[in-house]
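Hi,

Here is the structure I promised to pass on. Have a look at it first, then read my notes below.

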There are 8 protein chains.
Amino acid sequence: GFAKVDHNRAERNGFPEVIFSMGKTPEQVASIMNTIYKHSPIVLATRATQEHYKAVQELNPEAMYHAIAGCITLGSPSTALRPYKVSIVAAGTSDIPVAEEAVVTLDAIGITTERVYDVGVAGIHRLFAHIESLRQAQVVIVIAGMEGALPSVVGGLVSCPVIAVPTSVGYGAHFQGLAPLLTMLNSCASGITVVNIDNGFGAAIAAGNICKAIHNFTD
Amino acid sequence: GFAKVDHNRAERNGFPEVIFSMGKTPEQVASIMNTIYKHSPIVLATRATQEHYKAVQELNPEAMYHAIAGCITLGSPSTALRPYKVSIVAAGTSDIPVAEEAVVTLDAIGITTERVYDVGVAGIHRLFAHIESLRQAQVVIVIAGMEGALPSVVGGLVSCPVIAVPTSVGYGAHFQGLAPLLTMLNSCASGITVVNIDNGFGAAIAAGNICKAIHNFTD
Amino acid sequence: GFAKVDHNRAERNGFPEVIFSMGKTPEQVASIMNTIYKHSPIVLATRATQEHYKAVQELNPEAMYHAIAGCITLGSPSTALRPYKVSIVAAGTSDIPVAEEAVVTLDAIGITTERVYDVGVAGIHRLFAHIESLRQAQVVIVIAGMEGALPSVVGGLVSCPVIAVPTSVGYGAHFQGLAPLLTMLNSCASGITVVNIDNGFGAAIAAGNICKAIHNFTD
Amino acid sequence: GFAKVDHNRAERNGFPEVIFSMGKTPEQVASIMNTIYKHSPIVLATRATQEHYKAVQELNPEAMYHAIAGCITLGSPSTALRPYKVSIVAAGTSDIPVAEEAVVTLDAIGITTERVYDVGVAGIHRLFAHIESLRQAQVVIVIAGMEGALPSVVGGLVSCPVIAVPTSVGYGAHFQGLAPLLTMLNSCASGITVVNIDNGFGAAIAAGNICKAIHNFTD
Amino acid sequence: GFAKVDHNRAERNGFPEVIFSMGKTPEQVASIMNTIYKHSPIVLATRATQEHYKAVQELNPEAMYHAIAGCITLGSPSTALRPYKVSIVAAGTSDIPVAEEAVVTLDAIGITTERVYDVGVAGIHRLFAHIESLRQAQVVIVIAGMEGALPSVVGGLVSCPVIAVPTSVGYGAHFQGLAPLLTMLNSCASGITVVNIDNGFGAAIAAGNICKAIHNFTD
Amino acid sequence: GFAKVDHNRAERNGFPEVIFSMGKTPEQVASIMNTIYKHSPIVLATRATQEHYKAVQELNPEAMYHAIAGCITLGSPSTALRPYKVSIVAAGTSDIPVAEEAVVTLDAIGITTERVYDVGVAGIHRLFAHIESLRQAQVVIVIAGMEGALPSVVGGLVSCPVIAVPTSVGYGAHFQGLAPLLTMLNSCASGITVVNIDNGFGAAIAAGNICKAIHNFTD
Amino acid sequence: GFAKVDHNRAERNGFPEVIFSMGKTPEQVASIMNTIYKHSPIVLATRATQEHYKAVQELNPEAMYHAIAGCITLGSPSTALRPYKVSIVAAGTSDIPVAEEAVVTLDAIGITTERVYDVGVAGIHRLFAHIESLRQAQVVIVIAGMEGALPSVVGGLVSCPVIAVPTSVGYGAHFQGLAPLLTMLNSCASGITVVNIDNGFGAAIAAGNICKAIHNFTD
Amino acid sequence: GFAKVDHNRAERNGFPEVIFSMGKTPEQVASIMNTIYKHSPIVLATRATQEHYKAVQELNPEAMYHAIAGCITLGSPSTALRPYKVSIVAAGTSDIPVAEEAVVTLDAIGITTERVYDVGVAGIHRLFAHIESLRQAQVVIVIAGMEGALPSVVGGLVSCPVIAVPTSVGYGAHFQGLAPLLTMLNSCASGITVVNIDNGFGAAIAAGNICKAIHNFTD
Ligand SMILES: Nc1ncnc2c1ncn2[C@@H]1O[C@H](COP(=O)(O)O)[C@@H](O)[C@H]1O
Ligand SMILES: Nc1ncnc2c1ncn2[C@@H]1O[C@H](COP(=O)(O)O)[C@@H](O)[C@H]1O
Ligand SMILES: Nc1ncnc2c1ncn2[C@@H]1O[C@H](COP(=O)(O)O)[C@@H](O)[C@H]1O
Ligand SMILES: Nc1ncnc2c1ncn2[C@@H]1O[C@H](COP(=O)(O)O)[C@@H](O)[C@H]1O
Ligand SMILES: [Mg+2]
Ligand SMILES: [Mg+2]
Ligand SMILES: [Mg+2]
Ligand SMILES: [Mg+2]
Ligand SMILES: [Mg+2]
Ligand SMILES: [Mg+2]
Ligand SMILES: [Mg+2]
Ligand SMILES: [Mg+2]
C-alpha cells in the first residue's frame with residue numbers, strides 16, 4: 001500500500017520500525033501495526049490518540065493503550081534484557097508524559113525501568129535521596145522543561161551514560177523547549193548526550209541500544 | 001562638548017553616570033571622567049582598555065586600573081554602605097572577568113563584597129561549602145556561562161535576592177550567551193532576576209540599589 | 001502521590017511552593033494546594049482557570065479566585081511585611097493580567113501594593129503624575145508589552161530597585177514578547193533586572209525577597 | 001565598465017545614485033564618483049574609508065571627507081531646500097557616527113539640519129530641553145542603540161514625521177542592533193517608521209523625500 | 001476607570017488616541033470610544049471584531065463597521081486635508097485587509113486615498129499601468145506579503161515618500177512576515193521606511209503626519 | 001592519504017569531485033587536484049586563495065587562478081555542451097565575486113555563459129534592456145544581496161528555469177544573507193529554486209545538470 | 001473585480017496564473033478560476049478545501065478535487081510534454097500531501113510523473129531499489145521532513161537536476177520545517193536546488209520549466 | 001589559588017576534571033594540569049594552543065601535544081578498557097580536527113579507537129566499505145558539518161549506540177553548525193543522541209561512559 005514497511009529493521013537496528021502516529025489516520029496506524037505484528041513479537045506506536053487506539057483495537061483486541069504516554073503496544077518483548085535497568089528522572093510533574101513515553105518504549109524493548117519524578121533543581125535535596133539507586137542503573141535518562149538544569153546536576157553525580165531530554169514545558173522565553181535544549185547541549189557536566197525536544201521515545205531507544213551493547217559484549 | 005553629562009543622576013538614581021568606554025576614544029573617556037569627578041567623590045568607567053587608562057591617568061594620576069575587570073576608578077566612595085554584603089558567585093574560572101566587573105562596581109558604590117568562584121554545578125559540593133556564608137549576604141549575584149544552571153541551584157538554597165548574569169563563555173549552540181540567558185529567564189527557582197549577557201556592571205548596580213533600599217528604610 | 005511537595009521550601013526560600021496550574025488537572029491542583037495548606041497559613045496557585053478553582057473550592061470552600069490574575073489563594077499571610085510597599089506600574093490596559101498576577105502574589109506574601117496602570121511612554125506625562133508616589137516604594141515592578149520602553153524611563157527617575165516584566169502583548173515583529181524582553185535586557189537605565197515574559201509571579205517573588213532582605217536586616 | 005550607472009535616477013527619484021563604498025576598491029569608488037559628477041552638481045559616497053577618499057581626491061582635489069560619518073562629497077547642492085529643517089536626535093555618544101551619516105546626506109541634499117545628541121532616556125530631562133526646537137522641524141530622525149526607546153518618547157511629544165534608526169551599539173542580547181530594531185518596529189507611539197540598523201543614510205533620504213514632497217506641493 | 005485616556009494626544013500628536021481592540025472586551029472598547037468621542041469629532045478602533053462593533057453600536061448607533069479592515073469609526077474628520085492624496089498599493093489579493101486598515105485610518109484623518117491592488121512583482125506590467133497616478137500622490141504606502149519585493153520596485157519608480165508594510169501572508173520560510181520585513185529593511189531603493197508586520201494603521205498615521213507636515217508648512 | 005577521493009563521481013554525477021579549499025592547506029588542495037587530474041580532463045577548486053594557487057601551480061604550472069571568483073582550474077572541458085547558454089544576472093557590483101564563481105564553474109563544465117551585471121531592481125529599466133537575450137538562455141542564474149528581489153522580477157519575465165543565489169552583501173538586518181535567502185524562498189514568481197548563500201558554485205552545477213538533461217534527451 | 005488576473009502569464013512564463021486559495025473565499029476562488037478558464041485549457045488552484053471545491057463545482061461541474069493534494073483542476077493540458085518524466089521521491093508517509101501537490105501540478109502541466117514514496121534514509125536500501133528508474137527521469141523532486149537528509153543521498157546517486165522540498169513534518173527542534181530547509185541548503189551533494197517549506201507546487205513548476213527547456217531546445 | 005580543582009571527580013564521574021583551555025592563560029593551564037597530575041595517572045587539556053603546550057611542557061617535559069586535535073596530555077591511562085572499540089566516522093576532511101579531539105580523549109580514557117574519515121553522503125559507497133568494521137564497535141561517533149546527514153545513514157545501518165557531533169564546517173545558511181545540529185536532533189534514525197557543535201570531547205566522554213557501563217556490568 002502507501003507505506004513501505006522496513007521489515008528487516010529489527011535485524012539491522014535491533015528493534016522493529018516504530019509508528020509515529022501524528023499525521024497518520026487511525027486506519028493507517030492500525031494497518032501498519034498489523035503488518036509489523038506479523039513479523040515481530042512486539043509493536044509500538046507513539047504519539048497516538050484514543051482514536052488511533054480504537055482503530056488498532058478493532059483489528060487486535062489485545063492491543064494496550066498507555067494514555068499518559070500516548071502510546072499503543074501490541075504483544076510483549078522477550079525477557080533477555082530484564083537484568084538491565086534504566087532510571088527515568090523527571091524534573092516537574094508536567095514533564096511526566098514525556099517520561100512515560102520513555103518508560104513505555106523501554107518496557108516494549110524489555111528493559112527494567114525505575115521512575116524518579118518531580119525532583120527538579122529548585123529543591124535539589126529531593127534528588128539526593130535517590131542517588132544510590134541511580135548509581136545502580138546502566139543508563140539514566142533525565143527529562144526537564146523550564147530551564148533544563150537537572151541533567152547537569154545528575155551528570156555531576158553519576159558515572160553511567162546520561163541521556164537528556166528537553167521538554168516543551170514552559171512559557172515566554174522558553175520558546176517551546178529551545179531553552180532547555182540549549183542548556184543541555186551546553187552542559188558543563190561532560191558526557192551528557194541530548195535528543196530532540198519531548199523525544200522520550202528517542203532517549204529510550206538510545207538507552208536500549210546501550211543495554212544491548214552491554215548484553216552483546218557479555219554474550 | 002560632544003557629551004551631555006547627566007550631573008544630577010546621582011541625586012535621581014543614587015550613583016553618578018558611569019562611562020561605557022567601548023566605542024569611545026581614550027581622550028573622550030578621560031575628559032568625561034574628569035568632568036564628572038568635579039561633581040562626585042567617585043567615578044567609574046567600564047569596558048576600558050589600557051589605552052583608555054593611560055589617557056585618564058595623564059589627567060588624573062591617582063586613577064586606578066582594574067585589569068581583569070576592565071575598569072578605571074577615580075576617587076573613593078563614602079563608607080555608609082560598608083555594613084551590607086553582596087556575594088559574587090561565579091561558575092567557572094573563565095567567568096571571572098564578568099565577576100570582577102561586578103566587584104569593582106560594588107567597591108565603587110562602597111558595599112562589602114565576597115568572592116565565591118569556580119563552584120559550577122558539575123561539582124556542586126564545592127558550592128555547598130559556602131552556603132552559610134551566602135546566607136549572610138544581603139544579595140547574591142550568580143554568574144555563569146556554559147549552560148548557566150548555577151543560579152537555579154543557588155536560588156533553591158538561599159532566601160535573599162538573587163541576580164543572575166549569563167556570560168558569553170561557551171561555544172557552538174551557546175550562541176554567545178543566549179543559552180545561559182534563556183536558562184536563567186526560565187529558572188524554576190522563582191524570584192531570580194536576570195541582567196544582560198556579561199553585564200556584571202548592571203548586576204552590581206541592581207545589588208547596590210537593593211542595599212540602598214535597606215539603608216534608606218532603616219534610616 | 002505523583003508529586004513530591006517540597007515542604008521545607010518556606011524555610012529555605014521564605015515562601016512555600018507555589019503551584020503552576022498550567023498542564024495540571026483541577027484535581028491535581030486541588031490536592032497539592034490541600035497538602036501544602038496543612039503546613040502553611042497561605043497557599044497560592046498561578047495560571048489557574050475557573051475549572052481549577054472549582055476543584056479547589058470543593059475541598060476548601062474558603063478558597064478565593066482572582067479572575068484577572070488567574071490565581072487561586074487559600075488562607076492569608078502574616079502582617080509582618082505590611083510596612084513595605086511595592087508599586088506595580090503597567091504600560092497598557094492589555095498588560096493588566098500580568099500586573100495582577102504580581103499584585104495577588106505580593107498580597108499572598110503580605111506586602112502592601114500600589115497599582116499604577118496605563119501609563120505607557122506614548123503619553124509619558126501620565127507617568128510623571130505618579131513619580132512622587134513611586135519614589136516612596138521599596139521596589140518598583142514595571143510591566144510592558146509592545147516595545148517595552150517603560151522600565152528604562154522609570155529606571156531613569158527612581159533610585160530604588162526596578163524589576164522589569166516583558167509581556168506577550170503585541171503582534172508581528174513582537175515575536176510573543178521577545179521584543180520587549182530584549183529592550184529590557186539592553187536598558188540604558190542601569191540596574192534594571194528582568195524576569196521571563198509574562199512572569200508577574202516571578203517579579204513579585206523577587207520584590208518580596210527584597211522586602212524580606214530589608215525586614216531581616218532591620219530586625 | 002563594470003558598473004551600469006543609473007544616470008536618470010535623479011530624475012526618477014530626485015537624487016543621483018549614491019555610492020555604497022563597502023566592498024568596492026578605492027579606484028572603483030573614484031571612477032564611479034567621477035562619472036556621476038559629470039551629470040550632477042553633487043555626488044555622495046557613504047561607508048568610505050580614508051583610502052577611498054585618497055583615490056577620489058586624486059581625480060577631484062575639491063572632494064571632501066567627512067571622517068566621523070565615513071562619507072565623501074563632491075560639489076554642492078542647490079539652495080532650494082534650505083527652508084526645510086530636519087532634526088537629528090541621537091541617544092548616546094556612540095550613536096554619533098550613524099547620526100553624522102544622516103547629517104552629511106541631508107547636507108548633500110541641501111536641507112537644513114539640527115543636531116540634538118546624547119539625550120537618551122536614562123536622563124530624559126535632557127531631551128525635554130529641546131522639545132520646542134524639535135517641534136519646528138519638518139521631520140525628526142531619532143537614532144538609538146542599546147534598547148532603542150528614544151523614538152517612542154520623541155514620537156509621543158511631536159506631531160511631525162518621525163523616522164527611527166536602530167544602531168548596532170550594544171552587546172550581549174543586543175544582537176548587533178536587533179534589540180532596538182524590534183523596539184522601534186513595536187513602538188506604541190504610532191506613526192513612527194523605521195529603517196535598517198545603522199542606516200543613517202536611508203533615514204536622511206526618506207526625510208529628504210518628505211521635504212521635497214512639501215516643496216513640490218507648495219510650488 | 002481602568003484606562004487613563006490620553007486626551008491631549010490630538011494636540012500633541014495631531015490625532016486622538018486610537019483604540020487597539022485586540023485583547024479588550026467589547027464593553028471596554030465601547031466605553032473608551034465613547035469617552036474619546038466627547039472630546040473629538042472622530043474616533044477610530046482597529047483590530048475590532050463584529051462583537052466589538054455590536055457593543056459600540058449599542059452606545060452610539062451611528063458607529064460604522066469596516067469589515068475587511070476590522071475597524072470601527074465614530075464621527076467624521078474635518079475636510080482640511082482632502083487636497084492631499086495617499087496611494088495604497090497592495091501586492092496580492094490576500095494583502096487587502098492590511099491595505100484596508102490603512103485606507104480606513106486615512107479616511108478617518110480626512111486624507112484622500114487611491115487603491116492600487118493586486119499588482120505584485122510576478123506580473124510587474126500591472127504596476128506600470130498605474131505609475132502616472134502614483135506619481136501624483138504625496139505619499140505611497142506599499143503593502144506586500146510573500147517575499148515583499150514590491151516596495152523596492154515602487155521605490156525605484158517614484159520620488160515621493162514610500163512607506164512599506166510587510167504582511168504575514170505566506171507560509172514556510174515566511175515566518176509570519178519576517179521574510180518581507182527583512183526584504184523591506186534591506187531595500188536597495190533608498191529612502192523606503194518600514195512599519196511592523198500587518199501594521200496598515202501605523203503606515204497610515206505616518207503618511208498622515210507627512211500630509212500634515214505639508215499642510216502646516218504651506219499654512 | 002587523509003582524503004578518500006570519490007573517483008567515479010563524474011560517472012555518477014556527471015562531473016568530477018570539486019575541491020572546497022576553505023579549511024584545507026595549500027598542500028592538501030594541490031595534492032587532491034593532482035590526484036583527480038589523473039582521472040579527469042578538468043579539475044576545479046573553489047574558495048581558493050593565492051596561497052592555494054601557488055602550491056597547485058608548483059605541481060602543475062599550467063593551472064589557472066581566477067582571482068575574483070577565488071577558483072583554480074586545471075585542464076579544459078570537452079566542447080560537447082557549448083551549444084547551451086546560461087545567463088548569469090547579478091544585482092550589484094558587490095555580488096560579482098559570487099557571479100564569477102558561477103561563471104568559472106560553468107566554463108569548467110564547458111557551457112557557454114553570458115554575464116548581465118549591475119541590473120538591480122532600484123533601476124529596473126537596466127534589466128529590461130537584456131530581456132531578449134535572457135530569453136535565449138537555457139537557464140538563468142540570478143544573484144542578489146541586499147533584499148534579493150531581482151529573481152522575482154526576472155522570474156516574472158522569462159519561462160526558462162531560474163536559479164536564485166542570495167549573497168551575504170548587506171548589513172544590519174541582512175544577517176549575512178538571511179534576508180535575501182528568505183526573499184527568494186518566498187518568491188511569488190513560482191518555479192524559482194534557491195541555493196545556499198554565496199553558493200555560485202552550486203547554482204552553476206545545478207544549471208549544468210539542466211543543460212546535460214537537455215543534451216542527454218536530445219541525444 | 002477585486003483581482004487583476006495576469007492573463008498573458010502563460011505566454012511569459014509558460015503556464016497560466018495559479019490560484020493560491022488560502023485566505024480567499026470559495027466564491028473568490030470559483031470566480032477567478034472561471035475567468036482564467038476562458039483563456040486557458042487548464043486551470044489549477046492549490047491549498048484548496050472541500051468548501052472551495054464546492055463553489056468551483058457549482059460554476060463548473062467538470063472541476064476535479066484532488067483531496068490529498070488539496071488542489072482543484074479545471075480542464076486538461078495538451079499532450080506535448082508527455083515524453084518527459086519527473087520522479088517524485090518522498091521520505092515518509094506524512095510527506096505525501098506535499099508530494100501529491102507536486103504530482104497534481106505536473107499533471108496539470110501535462111508531464112509524466114513517477115511516485116517513489118516512503119524511502120527515507122533510516123532504511124536507505126528501500127531507495128536503492130528504485131535507482132535505475134530514477135536515472136531515467138528528466139528531473140527528480142525529493143521531498144522530506146524530519147532531518148531532510150534524503151535529497152543529499154539521492155543527489156549523490158543521480159546526475160539529472162534534483163529539486164529538494166523540505167516539509168513541516170516533525171516536532172521540537174524541527175521548527176516547522178526549518179531543520180530540513182537548512183539541511184537541504186547545505187547539502188554536500190552539489191547541484192541540489194531548494195524551494196520553500198511544503199512548496200510541492202513550486203518544485204513542480206520548476207521541474208516543468210526544465211522539461212519545457214528540453215522541449216524548446218529539441219524543437 | 002584561583003581555581004577549585006574538583007579532585008574527587010574521577011571517583012564520582014569516572015574520569016578526572018579535564019581542562020578547557022580556551023580563555024585561560026598558558027600558566028593557568030600548566031598549573032591546573034600539574035595539580036591534577038598529582039592525583040591522577042592521566043590528565044587532558046582540550047582547545048589548547050602551542051602556547052599552552054609550551055607552558056605545560058616547561059613544568060612537565062613528558063607532556064605531549066596533539067596538534068590537529070588541539071589537545072595536551074600528561075601520563076597514560078590504565079589498560080583496563082582496551083578490549084572496547086569506538087569507531088569515529090567523519091564526513092569530510094575539514095571535520096578531522098573535531099574527530100581527532102574525540103580520538104585523543106578516548107586514547108586518554110584508554111579505549112581502542114578506529115578512524116573512518118571522508119565518507120560523507122555525497123559518495124555513500126565510501127561508507128559502505130566500512131560497515132562490517134563499524135558493526136564490531138561498541139559505540140560509533142559520527143561527525144559531520146555541511147548538512148550533517150551522515151549520522152542518519154549510519155544510524156540506519158548499525159544497532160550499537162550512535163553519538164552524533166555537528167561541526168561548524170560550512171557557510172551561509174549553515175549558521176556555524178546550527179544546520180547539522182538541527183539535522184541530527186531530528187534524525188529519523190531513532191536512538192541517535194547528539195552533543196554540542198564541534199564537541200568531539202563530549203562525544204568521547206559519552207562513548208567512554210558507555211564502554212565503562214559494559215565493563216562494570218561484566219565485572
Ligand atoms: N558595562 C556597562 N554595561 C551596560 N551599560 C553601561 C555599562 N557601563 C556604563 N553603562 C551605562 O551606559 C550609559 C552611557 O552611555 P553613553 O552616553 O554612550 O556614555 C550610562 O547611562 C551608563 O549607566
Ligand atoms: N506563574 C509561574 N511562573 C513561573 N514559575 C511558577 C509559576 N507559578 C509557580 N511556579 C513555580 O513552578 C514550580 C512548580 O513546578 P511543578 O513541580 O511542575 O508544580 C514551583 O517551584 C513554583 O515556584
Ligand atoms: N563552493 C562550494 N560550496 C559548496 N560545496 C562545495 C563548494 N566547492 C566544492 N564543494 C563540494 O564540497 C565537497 C568537498 O568536501 P571535502 O571532502 O571537505 O573536500 C565536494 O563534494 C564538492 O562537491
Ligand atoms: N501552493 C502555492 N505556493 C506558492 N505560491 C503559489 C501556490 N499556489 C499559487 N501560487 C502563486 O501565488 C500567486 C497568486 O497570488 P494571489 O494574487 O494572492 O492569488 C500566483 O502567482 C501563483 O503562481
Ligand atoms: Mg513539583
Ligand atoms: Mg573549574
Ligand atoms: Mg492606554
Ligand atoms: Mg551619555
Ligand atoms: Mg493576484
Ligand atoms: Mg550599481
Ligand atoms: Mg515509513
Ligand atoms: Mg571529501
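Let's start with ligand 1: the residues around it come from chains B, C and D, so this site is shared between chains. Keep in mind that the whole thing is a predicted model.

Which residues come nearest to ligand 1? Of the 15 around it, they are R9(B), K24(B), T46(B), D118(D) and Y171(D). If you sort the shell by class, you get five nonpolar, six polar and four charged residues.

On chain B, T46(B) has a side-chain N or O atom 2.8 Å from a nitrogen atom of the ligand. On chain D, Y171(D) also points to a ligand nitrogen, with a side-chain N or O atom at 2.6 Å, while D118(D) has a polar side-chain atom 3.2 Å from an oxygen atom of ligand 1. As for cover, ligand 1 has 510 Å² of accessible area on its own, and the protein covers 90% of that.

Now over to chains F and H. Here 19 residues of chain F are in contact with 16 residues of chain H. The two chains bury about 1,300 Å² between them, with 54% of it on carbon and sulfur atoms. How many salt bridges cross this interface? The rule finds zero, but there are six residue pairs in polar contact between chain F and chain H.

Cheers

Key: Residues are numbered from 1 along each chain as its sequence is written. Chains are lettered from A and ligands numbered from 1 in the order in which they are written. This is a predicted model: local features need pLDDT of at least 70, side-chain atom pairs count only at pLDDT 80 or more; totals for chains, interfaces and linings use all residues. Side-chain values use heavy atoms; hydrogens and water are left out. Contact means heavy atoms within 4.5 Å. Buried area is the accessible area (1.4 Å probe) that two parts lose on being put together, summed over both. A salt bridge is a side-chain nitrogen of Lys or Arg within 4 Å of a carboxyl oxygen of Asp or Glu. A polar contact is a pair of N or O atoms within 3.5 Å; within protein, one must be able to donate a hydrogen and the other to accept it, and residues adjacent in sequence count only if both atoms are side-chain atoms. A residue is near a molecule or strand if one of its heavy atoms lies within 4 Å of it. Accessible areas come from the Shrake-Rupley method with a 1.4 Å probe; for residues, only the protein chains shown count as cover. Ala, Val, Leu, Ile, Met, Phe, Trp, Tyr, Cys and Pro count as nonpolar, Asp, Glu, Lys and Arg as charged, and the others, Gly among them, as polar.
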